[in-house]
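Hello,

Here is the structure I promised to pass on. Please open it next to this email and follow along.

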Amino acid sequence: MSNQLEGKKIKVGVLGATGTVGQRFITLLSEHPFFVLHAFGASARSAGKTYAKAVNWKQTTPIPAGAREMLVYECTPDKFADCAIVFSGLDADAAGDIEAAFRDAELVVFSNAKNYRRDPLVPLIVPLVNASHLSIVHKQRLQHNLKKGYIVTNANCSTTAFVVPLSALEKAFGPIETCMVTTMQAISGAGYPGVASLDIMDNIVPYISGEEEKIEWETLKILGGITEEDDGSQSFEMHSKTPLRVSASCNRVPVIDGHTECVSIRFHKRPPPSPQQVREAMVAYTPDVQTIGCPSAPRQTIFVHEEPDRPQPRLDRYFQNGAGVSVGRVRQCPVLDIKFVVLANNVSIGAATSSIINAEAAVLKGFVDI
Ligand SMILES: NC(=O)c1ccc[n+]([C@@H]2O[C@H](COP(=O)([O-])OP(=O)(O)OC[C@H]3O[C@@H](n4cnc5c(N)ncnc54)[C@H](OP(=O)(O)O)[C@@H]3O)[C@@H](O)[C@H]2O)c1
């Protein structure tokens with residue numbers, strides 16, 4: 001951990017603390033080296049109860065002792081005024097107004113909801129890829145007339161999984177031109193209670209509302225750079241200098257946690273790299289958040305399996321506490337250039353862990369007053 005944070009305790013709040021992502025936040029933050037759980041928010045249904053009474057706990061470890069008796073509040077900024085950072089696992093129907101009210105009250109919000117991902121002033125950050133996009137919050141503060149408050153979002157859980165290997169390959173071999181991705185997404189991605197058991201047992205549902213559009217758009221914002229205007233202001237480049245075409249097909253499968261995705265890509269570079277060069281580039285990939293010492297970043301960002309039948313959700317989703325991604329079956333694609341399989345834990349690096357690493361990076365890079 002960086003010296004400046006040695007012994008520091010930074011108070012944080014969790015909105016949507018009772019939900020699937022919220023529970024993962026509580027589990028991870030209760031053991032964090034410098035973030036300390038300070039305030040919980042959820043809907044009026046939960047407000048006024050202790051956390052243990054309000055929550056329908058579905059984690060495999062018990063509710064952390066320090067969280068059990070904490071009171072759950074309605075999501076109003078006054079109850080979170082002492083928090084340096086607020087994490088949001090709010091349902092999208094509620095997140096829009098609540099997160100804006102928190103930002104306007106000069107709070108720093110790290111959100112999992114979709115509401116602000118397309119906002120041209122809000123960074124959409126997969127921490128293992130584009131933590132450098134944090135710099136746009138200066139413009140966000142300026143436009144909203146704020147000194148401290150801002151919103152940072154992380155990506156849809158299915159986008160997060162495959163942009164990590166794509167980023168490693170663009171770093172090593174230059175732009176990717178075309179990407180086809182077919183997802184096999186876990187049930188927990190839909191929150192609790194999620195998809196009805198009668199719809200998902202013994203079945204595959206070949207449609208997840210809005211998911212394909214999210215993947216196809218979010219990938220461009222995440223993998224694209226940031227351009228600097230003549231007046232010094234920044235904007236998202238959306239991968240427009242070297243256009244990237246993404247086509248996604250999304251399926252819900254009877255797996256509890258862990259999204260698996262089959263990916264085929266074509267590089268701009270001719271001849272393209274070989275499967276072995278691709279494997280080596282993925283193993284060598286070291287994003288910023290690892291170098292600057294974010295404590296929740298995985299030690300190995302991309303684990304590349306050599307076994308022909310891996311990764312598998314049941315075997316690989318908790319590797320490194322769900323913070324990295326697992327890749328396997330890297331091979332030549334007879335239509336594009338290279339194809340592979342990637343697996344990511346949708347509730348960890350696909351949601352809560354991403355927000356936590358984003359917040360760690362913001363603290364370490366000086367974007368949070370502590
Ligand atoms: N699950 C995943 O893998 C995943 C991955 C990436 C992103 N996301 C996104 O993360 C967010 C949370 O997802 P989830 O799966 O955790 O959903 P969830 O299990 O349905 O939890 C939703 C949370 O929002 C709270 N809430 C609902 N309506 C509210 C209101 N009007 N005011 C205040 N709080 C309200 C709920 O509180 P009560 O318990 O009091 O109702 C609960 O704490 C969503 O935006 C989702 O799209 C989820």
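The axes of helix 6 and helix 9 (residues 275-284) come within 9 Å and cross at roughly 110°. Axes are lines fitted to C-alpha atoms, for helices over the stretch in contact, and angles run from 0 to 180 degrees between N-to-C directions. Helix 6 makes the contact with Pro165, Ala168, Leu169, Ala172 and Phe173, and helix 9 with Val278, Ala281 and Met282. Contact means C-beta atoms, placed from the backbone, within 7 Å. By class, 8 residues here are nonpolar, none polar and none charged. Nonpolar covers Ala, Val, Leu, Ile, Met, Phe, Trp, Tyr, Cys and Pro; charged covers Asp, Glu, Lys and Arg; the others, Gly among them, are polar.

This is a predicted model: local features need pLDDT of at least 70, side-chain atom pairs count only at pLDDT 80 or more, and totals for chains, interfaces and linings use all residues. Numbering starts from 1 along each chain as its sequence is written. Helices (H or I, at least four residues) and strands (E, at least two) are DSSP runs, numbered from the N terminus.

Strands pair if DSSP finds at least two bridges between them. Strand 11 (residues 259-267) runs antiparallel to strand 14 (residues 338-344), joined by 7 bridges. There, Ser264 stands opposite Lys339.

Best wishes

Notes
Two residues are in contact if their C-beta atoms, placed from the backbone, lie within 7 Å.
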